[in-house]
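The entries follow in the order in which I made them.

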Amino acid sequence: AWLPWLIEAQLRLMRAPHWRPALSAAVFQAFLLTGGNHTFTILVAYLLLALFVVHAVKHWKAGGSPIVRHLVTYEVVFVGATMAMACGTLYAAWEVMPYLGRAEGLDLATAAGGPFTWRACISFLLPFTTGPDAAFAGTDPTMANGYMGLLVAGFAIMALFRKRTAVENTLLVFGGVCFLAAFGDALPVHRVLWSVLPGMDLFRFPSYFLWGVHLALPVLAAGTIAGLNAFSDRHRNMLLAVLGASVG
């Protein structure tokens, strides 16, 4: 629940580096560390890293190295403030780390348990399929529901045919990779992430990656809705086709 607030504060920080958004982001990151699942801290770290690179390049092109150093400085403030607010949790984690079997990571077979499935994709449009017939989805019931809805899905698809911002493109790539990783052993993506990226071997259930999809699709859909008048003028047939397919 804290992730959208953290990302929004970080985007304000990256667009205009200042101590206020740095501290706001630190508050939500501390909440996430002290009361959240570490899975989502790990996932959002890679998204924020990608967004940081995008904004750093943009600032470099616009004003050179001074603004980039300014951004790095306030990101350091963010990290320091987060550690100060979450110091109790971080210290407790340090104390118990030698006694945790998962501290060294999980083997691939364990980490790949509870994936999303191709059959469960129907839950994106029809969530009731995960209720009356949980076995139909072919995965753990708690991992089967990827519900997004026809309207959001339709407008998100239309985003592929309009001009998108750099943040939207970053979310599009992030959501796409997360979608493919959610299927676990059915595709090689989860295996590659598990073996290459630090932290990806610390949590089970590849279907957790659906969070990246659920973050990206509403943002892409909202961007389409914000410019719907201009989009409908240029892509009227596309709009009617997507809406017609949704009705169908």
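I take contact to mean heavy atoms within 4.5 Å, and buried to mean under 20% relative accessible area, with exposed over 50% and partly exposed in between (1.4 Å probe, protein chains only). Helices are DSSP runs of H or I of at least four residues, numbered from the N terminus. The model is predicted, with local features needing pLDDT of at least 70 and side-chain atom pairs counting only at pLDDT 80 or more, while totals for chains, interfaces and linings use all residues. Residues are numbered from 1 along each chain as its sequence is written, and side-chain values use heavy atoms, with hydrogens and water left out.

Entry on α3. I looked up what the buried residues of α3 pack against, and found α1, α2, α4, α8 (166-181) and α10. Among these buried residues are Phe 40, Thr 41, Leu 47, His 55 and His 59. α3 has 26 residues and reaches 36 Å from its first C-alpha to its last, close to the expected 38 Å; the expected span is 1.5 Å times one less than the number of residues. After α3 comes Gly 64, with a positive phi near 80 degrees.

Entry on α4. This helix covers residues 65-85 and reaches 30 Å over its 21 residues, close to the 30 Å expected. I listed its buried residues as Val 68, Leu 71, Tyr 74, Glu 75, Phe 78, Ala 81 and Thr 82. They line one face of the helix, because down the axis of α4 they fall within an arc of 145 degrees; the arc is that of the directions from the helix axis to the C-beta atoms. Arg 69 and Val 76 are exposed on the face turned away from the buried side. The buried residues of α4 pack against α1 (3-15), α2 and α3 (38-63).

Entry on Gln 29. Is Gln 29 buried or exposed? Gln 29 is buried, at a relative accessible area of 8%, and belongs to α2 (residues 19-35). Leaving aside neighbours within four places in sequence, I found Gln 29 in contact with Leu 6, Thr 41, Phe 78 and Thr 82.

Entry on α7 and α10. Helix α7 (residues 150-158) packs with helix α10 (residues 210-226) at about 70 degrees, their axes 7 Å apart. Axes are lines fitted to C-alpha atoms, for helices over the stretch in contact, and angles run from 0 to 180 degrees between N-to-C directions. I therefore noted α7 and α10 as roughly perpendicular, a word used for 65 to 115 degrees.

Note on methods:
Helix = DSSP H or I, 4+ residues; strand = E, 2+ residues; numbered from the N terminus. Parallel < 35°, antiparallel > 145°, perpendicular 65-115°, else oblique.
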